[in-house]
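Welcome! Please take a moment with the sequence and the 3D view, and then read on for a short tour.

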Amino acid sequence: MSALESDQTDMAPLWRRILIGRNPRITLLRAALIGLICWTTFRHVLLPVRISGISMEPTLRNGSVNLINWLPYWWREPRRGEIVAIRTTGTSVMYLKRIIALPNETVEIRAGRVFINGEPLAESYVKNPDPWEMPPRRLGPDEYLVFGDNRSMPMELHVAGVVKRDRIVGKAIWHGKPTP
Amino acid sequence: MKKWHKHLVLLVALLVGAMVLRALIPSDERRVHVLLAQMARDINEQTRGGMLSDLAAANRVADYFGPEFEIRINATGAPELDISDRSELIQMLLSARKSRRGVKVAILDPQTVAISKTNAVVEATGKAEVSGETDVFVSELRFTLVKIDRRWRIRRVETIRTFE
């Protein structure tokens with residue numbers, strides 16, 4: 001840039017310098033870069049979701065907002081207790097559920113209490129569970145058992161169950177307040 | 001004009017041309033996806049409330065289905081649907097319109113499973129929101145379509161289980 005041009009940009013009115021900077025080209029480039037970073041982040045890394053429904057209450061409230069992190073399951077498998085997003089035919093609508101049992105485990109529910117390989121599972125996040133019953137079932141090598149935290153309704157009315165690994169797309173960032 | 005400018009202009013022209021061509025002559029796959037989206041729009045369409053306009057709207061939705069069809073939707077927490085007759089379908093659509101609570105339907109993320117010149121299978125996520133209710137009804141659906149008189153019509157709608 002010549003000295004004359006530089007002087008001219010410096011002489012630009014203050015409001016213009018505040019709004020679009022000294023060099024509009026660089027400002028435009030920066031804006032495009034920020035836009036690209038935001039688009040990539042919120043489309044492919046941290047997907048914002050609005051929770052609709054009561055199946056994860058009291059941990060996640062109906063109407064609250066969460067972020068789904070797509071990265072963790074690229075290099076590791078989902079773990080028990082994590083709240084995960086389960087895709088449908090796409091990601092416009094996803095289910096948020098907690099992982100209860102892992103592949104190759106035998107799971108059973110007796111009077112609302114979950115047993116993994118015969119051992120009771122401590123679930124402090126479940127309040128007032130309905131006395132669900134489920135006979136022992138051994139999960140396949142790529143199957144996970146997922147449930148919502150709200151198990152106060154009959155099991156037939158709770159949308160959850162066994163899902164294949166390829167349906168689990170990410171992990172919820174916020175897991176709600178820790179239960180006492 | 002510099003040489004790379006010419007190449008850039010040519011590339012942009014090619015891209016725009018391809019987009020225009022795609023819009024003017026859509027593939028069968030795109031036609032099917034558009035048809036499902038259009039059907040959802042027609043289901044949600046608000047009429048003036050008269051019996052005749054409601055009947056016309058219900059008939060418009062029924063026209064998306066072939067002469068022989070079946071709808072078997074069984075989503076958890078939602079009323080089960082089992083319809084295989086046009087008049088039954090129209091009756092159901094009319095009663096849904098008559099009910100005071102508004103229902104908003106969406107058919108999202110269509111994925112083509114198989115397609116030939118006369119048959120198509122598309123899986124999509126159906127979402128229904130009833131105004132005033134907390135829960136939304138979500139169900140994965142499989143649509144089987146057939147081409148009749150150069151027009152795609154729905155032959156079967158069934159539920160796919162997300163959870164086993």
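Domain bounds come from an automatic or database domain assignment. For chain A, that assignment gives domain 1 (3-43) and domain 2 (51-172), and the centres of the two, taken over C-alpha atoms, are 47 Å apart.

This is a predicted model, in which local features need pLDDT of at least 70 and side-chain atom pairs count only at pLDDT 80 or more, while totals for chains, interfaces and linings use all residues. Residues are numbered from 1 along each chain as its sequence is written, chains are lettered from A in the order in which they are written, and side-chain values use heavy atoms, leaving out hydrogens and water.

S1(A) pairs with strand S2 (residues 65-69) of chain A in the antiparallel sense over 5 bridges; pairing requires at least two DSSP bridges between strands. A:Arg50 has A:Val65 in S2(A) as its bridge partner.

Now for a loop: A:Asn150 sits between strand S9 (143-147) and strand S10 (161-164) of chain A. Is A:Asn150 buried or exposed? A:Asn150 counts as buried because its relative accessibility is 10%, where buried means under 20% relative accessible area, exposed over 50% and partly exposed in between (1.4 Å probe, protein chains only).

Terms used
Helices (H or I, at least four residues) and strands (E, at least two) are DSSP runs, numbered from the N terminus.
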